[in-house]
Amino acid sequence: MDATIEAHGLRKRFGATVALDGLDLAVPAGAILGVLGPNGAGKTTAVRILTTLARPDSGTALVAGHDVVREAEAVRRAIGVTAQNATVDEVLSGRQNLVMIGRLSGLRRRAAHARATELLEQFELTAAGDRIIREYSGGMRRRLDLAASLVTRPPVLFLDEPTTGLDPSSRARMWAIIRELVGDGATLLLTTQYLDEADQLADRILVIDHGRAISEGTAAELKAQIGGARLEVTLTASDRSAPLALAPFVSGEVRVSHDGLRVRAPVRSEPGLATRIVRALDDAGITIDDVQVHQPSLDDVFFELTGHTVEDDQDESVAA
Amino acid sequence: MRTMLRDVAVLTVRNLLHIRREPLQLSDVTVQPVLFTLLFTYVFGAGVLLPHHGSYNAFAIAGLLALNLTTSSMGTAVGLSTDLASGAIDRFRTLPIWRPAVLAGRSLADLLTASLCATIVALMGLIIGWRPEDGIARMLAGFALFLFFSYAISWYCACLGILSKGPESAQGLGLIVLFPLAFVSNAMVPTQHMPAVLRVIADWNPVSAVTAAARELWGNPNPSAAIGAWPMQHLVAASLMWSTAILIVFAPLAALLYRRRTTE
C-alpha cells in the first residue's frame, strides 16, 4: 500500500446517526480523488477524520504515511485543508489570515509575510488583501480559504465542497485554480455534490451514499457502468416500424410515447452512431424531425447507483 | 518551547485584533468604564452615605474597577464560543500548533484588555478626585490584585464559553452569573445596610475581598474594615486565596472541557 491518502473500514456514528459505515478509499500520490455524494452521505465526516479533526469509531486511515489518530501532529504538517466548517477568520484581513496561518505553521515572520503577498497575488486578491474577510464576496472568500490551505505548500490537500454556494463564474474560476494546483503535483481529495465538478476535476471518482462507497472509477468507467448512450428520435408521423429499424443499435428497452412520435432507447456507444441511425431510418422510409444521442452524464450514473430515478418517465414500454 | 511561545503570541495578537475590530467588545473595555464611573459617582454617589463622611468618589473607584473587570470578562466567554461556533478553532486544529495555545492566547489577550480597562478607570478616577494616598508600590499592588483576579475569572468565563452552544447563550449565561457576583458585594455600596443573608454573601464574595484590599492599599475609605467576617479582616490574603482557588479550579477545568468539546 503506497497511497498518499488511504482509509480502511472507517466507521463513525453521532448518536443514532451513522455517518460512516465502513468507508474505504485510497488516493495515489499526485492523483485527485473526487468524493461524490448527496448531502448527509458522510463526505464531511470522512474529511474531518482524514484531517485529524475527528476520530473514527473504528477503522484506520493513513495520510502521507502517518496514522491520523496516533500521529495526528505529523499528519497536520503534511496537509492543507479548505472546508466550510474550518474557515478563515472573518474579522481579520485576508493578509492577516495568511500571515497568521504561516506563523502558526512554523514560518518565520518575514517568510510568512512574503508568502502572504505571493498568495494574494496568485489568487488575484492583492487589492482586497487588507480588507477584512467579512467584506469579501463569496467567491473571494473561497479563494482566500483555498490560499490559506496552501501557505506551507503542503503535499496533501483536502477540499471539502470548495464551490458549494458559488455562482457559475466563481465556480469556473475556482476550478481553474484547482487544476493549476494539480499541475504542481499535490495529492488532492475533493468532495462535492456537483457531478460536473467531479467530472471536470477528478482523475477518479468515489461515489458514496449512506456512509459507504458504492462505486469507484474514472468518469468514463462510471458512465460505462450504466451502458452506453441514450437515443431520442422524434418522428414526423407515427410509424410502428421505427423500433425495428433501430434494433441493431439498441441495447435495452425501446419506449414509444402515446402519440407514437417520440422513440427513446438506450444504445451502444460507437463512433458515427447518429449518422448511422439517421441512415437506417431513412432506408426504412421513416422521416424524422429530430434525433439526439446523449452521452451519459455523471448525473445518470449517480442516480443509477443510488436508486433514485432521473426523471418521471410516462412513456409506454414496447418490446424491441 | 520557542514554538509554544510563538503560537501563544500569534494567537494573543489575533484576539487583540478581534477586540479592536468588534465594536461591542471594544466598548466593554473603553466606553463602559467611562459610563459606569460617571453614572455611579454622580447618580448613586449622592445617595450613599459612608461612615466618617468619607468621599464616595474615592470609595467608588476600586468598586468600579471590580465591576468593569468582572462584567467585561464576559468577552472571554463570547469570544471563545464564537471561535468554536464559526470554525476558526477547527482551522487552528488542522495546523501543527501547540494545542493549549488557543486557550492560553485567549486568556493572555484578556489580561492585556483588562489592563487597558483598568487604566481607563484609574484615569477617570483621577479626574473625579480619587487618589492612591499611600505611594506607588501600594498603588501597583492594588492593581496587581485586580488583574490577578480578572485573570482567574477569565478562566471561569472560558468554561462558560466552551459549555455554551453559541455566542448569544454565552452572553446570557455570563450575564446571569457575573452580574450578581459583581453587585452582591461591597463594590458600590457598604455592605452594612444589606439584608442579613445578602450581607453574609457579600462579605464572603471574592469581589468584596479584592475591592476592599485595593481600598486598603490605596488609602481610600474602606467601610468593610469594621466587619468581622474573616475575609474582611485579612483582605490581601483573602483576595489572593480566592483568585488562586478560582484559577486552580477553572484553568484545568477549561482545558478539560476544551479537550472534550474538540474531540469528536
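Analyst: Two strands pair if DSSP finds at least two bridges between them; strands (E, at least two residues) and helices (H or I, at least four) are DSSP runs, numbered from the N terminus. This is a predicted model, where local features need pLDDT of at least 70, side-chain atom pairs count only at pLDDT 80 or more, and totals for chains, interfaces and linings use all residues. Residues are numbered from 1 along each chain as its sequence is written, while chains are lettered from A and ligands numbered from 1 in the order in which they are written.

User: What is the strand order in the open sheet of 6 strands in chain A?

Analyst: Reading across, you get E6-E7-E8-E3-E9-E10, with mixed pairing. E6 (79-82) and E10 (212-217) of chain A are the edge strands, each pairing on one side only. From one strand to the next the twist averages 15 degrees; angles run from 0 to 180 degrees between N-to-C directions of axes, which are lines fitted to C-alpha atoms, for helices over the stretch in contact.

User: And in which sense do E9(A) and E10(A) pair?

Analyst: Antiparallel, over 5 bridges. A:Ile208 faces A:Ala213 of E10(A) across that pairing. The hairpin has 2 residues between the strands, and A:His210 takes a positive phi near 50 degrees.

User: Why does A:Ser170 count as partly exposed?

Analyst: Because A:Ser170 has 18 other C-beta atoms within 10 Å. A:Ser170 sits in helix H6 (residues 168-183) of chain A. Setting aside neighbours within four places in sequence, A:Ser170 is in contact (C-beta atoms, placed from the backbone, within 7 Å) with A:Gly138 and A:Gly139. A:Arg142 is 28 residues from A:Ser170 in sequence, with 9.1 Å between their C-alpha atoms.

User: Back to sheets. What is the pairing in the open sheet of 4 strands in chain A?

Analyst: That sheet is antiparallel, in the order E2-E1-E4-E5, with E2 (17-27) and E5 (66-67) of chain A at the edges. E1 (residues 5-14) of chain A and E2(A) share 8 bridges, and A:Ile5 stands opposite A:Val27 there. H1(A) packs on this sheet, touching E1, E2 and E4 (58-63) of chain A, at about 115 degrees to E1(A). Helix H1 (residues 43-50) of chain A also lies across E3, E7 (156-160), E8 and E9 (204-209) of chain A, running at about 150 degrees to E7(A).

User: How many residues has the largest nonpolar core?

Analyst: A nonpolar core is a set of buried Ala, Val, Leu, Ile, Met, Phe, Trp, Tyr and Cys residues joined through C-beta atoms within 7 Å. The largest has 98 residues, and B:Leu65, B:Ala66, B:Val210 and B:Ala254 have the most contacts inside it. Helix H8 (residues 136-163) of chain B gives the most to this core, 13 residues. Leaving out residues up to four places away in sequence, B:Ala254 touches B:Leu103, B:Trp155, B:Ala158, B:Cys159 and B:Ile162.

User: Last one: how many residues of chain B are in contact with chain A?

Analyst: 21 residues of chain B meet 27 residues of chain A. Helices H1 (2-21) and H6 (88-93) of chain B each supply at least two residues to that side of chain B, and H1(B) has the largest share, 8 residues.

Note on methods. Two residues are in contact if their C-beta atoms, placed from the backbone, lie within 7 Å. A residue is buried if 20 or more other C-beta atoms lie within 10 Å of its own, exposed if 12 or fewer, and partly exposed in between; C-beta atoms are placed from the backbone.
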